[in-house]
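Please consult the sequence and structure shown here.

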Amino acid sequence: MNWQKFKLDVIEYSKTIGIDKIGFTTSTTFDEMKIRLLHQQRLQYHSGFEEPDIDKRVDPSLLMDEPRSIISIALAYPSKMKVRVVSKKGERRGIFCRASWGTDYHVILRDRLKKLEKYILSRIPNATLKSMVDTGELVDRAVAQRAGIGWSGKNCSIITPEFGSYVYLGEMITNIPFEPDTPMEDLCGTCNKCVDICPTGALVQGGQLNAQKCIAFLTQTKGFLPDEFRGKLGNRIYGCDTCQTVCPKNKGMDYHLHVEMEPDPEIAKPLLKPLLRMSNREFKEKFGHISGSWRGKKPIQRNAIIALAHYKDDTAIDELKFVLIDDPRPVIRGTAAWALGKIGGNSAKDALLKAQRSEKDESVQLEIEKGLGFFK
Ligand code: SF4
Ligand code: SF4
């Protein structure tokens, strides 16, 4: 087999199935990434959502027998909505980050990788292939960087010259000796915009992310949001795009190449109040197909309550009062108590005093106290 020619065939085929960029790298260990991950773990910067075994994250030979190469793929996603939401005056909306617009990207990328696998197997029937997207062991960004898809920006995203950082990444380990591509030069230069603008200071020097401080991670947690971050969320109910939108390399980047990625504005920018009392079934029907729903409705509802407090939306007081008394989940009752205090007004204060007399849960009592504290 002429592997060089086969590589060109794979590249050509990838274009026909909606893969926007493809790169190739060796299957050797990602030594630099290992050092980085160990450092991150030592400093407790990791999110806890990752594969816990660092060796598996950096050594393809622990994931497949005799690997010879890794194919990295990138699909560009839109950064702007074609259709704008029409809101009535005073109706407040939350926002899902761009990576959660349209159909869950795991589904889309798996589809492309499956097609690519099928093609490779049609040409090399005894090829061994192992594909992964995001939740796989390997670090997508490390693979993409080494395969020449883009450089790793100080905002910890892979930045491609063609699509900016608005790309989803996936990869496939193979036992085919594809010739590796050359990694791209880091083009961040002296720019430091993303680090400077990050609302929580989560980007630490040298392109490191402290996930514990990153809003994108915090919006996915299920417990109470620590006080110091509540004022930083704004109307973000899932994820955060700030360090991408500020990046000059993303200027003018807005690609609409995949119909499945087009956002429905009513889903990507939903009204906040109706989220508060949404049933599981309603949530699943409306949001079940987007990646931002993977942690269930609780974090989204908690964040929606915080967003209503951010807007000081007094039209939400009745909903919040209901939630404070009626919701079975302490995190939701407690966050509602805090939000009522933030929004203020006699009705909110009365509701907090009433709840203070009946609430049995200690964590919620604490939030009621915090809420009442805003009136002092
Ligand atoms: Fe900071 Fe938001 Fe970027 Fe996280 S996603 S590093 S919080 S700007
Ligand atoms: Fe690099 Fe500047 Fe973009 Fe940050 S904002 S990733 S420093 S180019």
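The crossing of H15 and H16 is left-handed (the near helix is turned anticlockwise from the far one by less than a right angle; clockwise would be right-handed). This is a predicted model, in which local features need pLDDT of at least 70, side-chain atom pairs count only at pLDDT 80 or more, and totals for chains, interfaces and linings use all residues. Side-chain values use heavy atoms, with hydrogens and water left out; residues are numbered from 1 along each chain as its sequence is written, while chains are lettered from A and ligands numbered from 1 in the order in which they are written.

- Ala337, Leu340 and Gly341 of H15 meet Ala348, Ala351 and Leu352 of H16, where contact means heavy atoms within 4.5 Å.
- Helices are DSSP runs (H or I, at least four residues), as are strands (E, at least two), numbered from the N terminus.

**Ligand surroundings**
- Around ligand 1 lie residues including Cys198, Cys214, Cys240 and Cys243, each with a heavy atom within 4 Å.
- The surroundings of ligand 2 include Lys154, Lys193 and Lys249.

**Aromatic pairs**
- The structure holds 14 aromatic pairs (ring centres of Phe, Tyr and Trp, its six-membered ring, within 6.5 Å; planes under 30 degrees apart are stacked, over 60 edge-to-face, the rest tilted).
- Tyrosine 105 and tyrosine 168 are stacked, at 4.4 Å centre to centre and 5° between the planes.
- Tyrosine 105 belongs to helix H4 and tyrosine 168 to strand S7, 63 residues apart.
- Tyrosine 168 is buried at 3% relative accessibility (buried is under 20% relative accessible area, exposed over 50%, partly exposed in between, with a 1.4 Å probe and protein chains only).
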